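Q: Please take a close look at one part of this model: the side-chain pairs, with the strands as background. Give the cut-offs behind each term.

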Amino acid sequence: ARDIPGIDRGKVQDIVRGEGRIVDHGGEKLAAARDDSGALHVVSAVCTHMQCIVRWNTAERSWDCPCHGSRFAPDGTVLEGPALADLPKRSLADLA
C-alpha cells in the first residue's frame, strides 16, 4: 500500500478521550478514536462515498472526508453526507 502523509503508526492504546488517529494495519487504513466516555472505536478509514481517507477533526471530534465533506462520528456513524453508509467497524483484535 502506498504511504499516505500523516499516518500515525503508533499504538491505539495511548489515544486519549477526544482524540483520533489513522493507523496502518497490514496495509489497511483504520480510524481509531476514543469518545468522551473513554470507549475506543476502530473503523475503516476509507470513506464510504468515494473511498478517500478520512481525517480526524479535533475541534468537532469527528472523522471528516477531505474529498467531498462527509462527516462521521467517532464510532463511524454518518453525521453528514454525501456518504450514506457508516464507516465499517473493525474489531480491536484487528490491531493486536
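A: Rings of Phe, Tyr and Trp (its six-membered ring) count as a pair if their centres lie within 6.5 Å; planes under 30 degrees apart are called stacked, those over 60 edge-to-face, and the rest tilted. The model is predicted: local features need pLDDT of at least 70, side-chain atom pairs count only at pLDDT 80 or more, and totals for chains, interfaces and linings use all residues. Residues are numbered from 1 along each chain as its sequence is written, and side-chain values use heavy atoms, with hydrogens and water left out.

By the ring rule there is one aromatic pair. Trp56 and Trp63 form this pair, which is edge-to-face, with 4.9 Å centre to centre and 65 degrees between the planes. Trp56 is buried at a relative accessible area of 16%, where buried means under 20%, exposed over 50% and partly exposed in between (1.4 Å probe, protein chains only). Trp63 is also buried, at 0%.

Next come the cysteines. A disulfide is counted when two cysteine sulfur atoms lie within 2.5 Å, and the count comes to one. Cys52 is joined to Cys67, S to S 1.9 Å. The link of Cys52 and Cys67 is left-handed, with -100 degrees about the S-S bond. Strands are DSSP runs (E, at least two residues), numbered from the N terminus. Cys52 is buried, with 17% relative accessibility, whereas Cys67 is partly exposed at 39%.

Cys47 is in no disulfide: its nearest cysteine sulfur, that of Cys65, is 3.9 Å away. Cys65 is likewise in no disulfide, and its nearest cysteine sulfur is that of Cys47. Cys47 is buried at 2% relative accessible area, and Cys65 is buried at 8%.

As background, an open sheet of three strands has the order β1-β2-β3 and antiparallel pairing; two strands pair if DSSP finds at least two bridges between them. Its edge strands are β1 (20–25) and β3 (40–44), each of which pairs on one side only. Neighbouring strands of the sheet are turned by 30 degrees against each other on average, direction ignored; axes are lines fitted to C-alpha atoms, and angles run from 0 to 180 degrees between N-to-C directions. Strand β2 (residues 28–34) is joined to β3 by five bridges, and Arg34 stands opposite Leu40 in β3.

How values were computed: Helix = DSSP H or I, 4+ residues; strand = E, 2+ residues; numbered from the N terminus.
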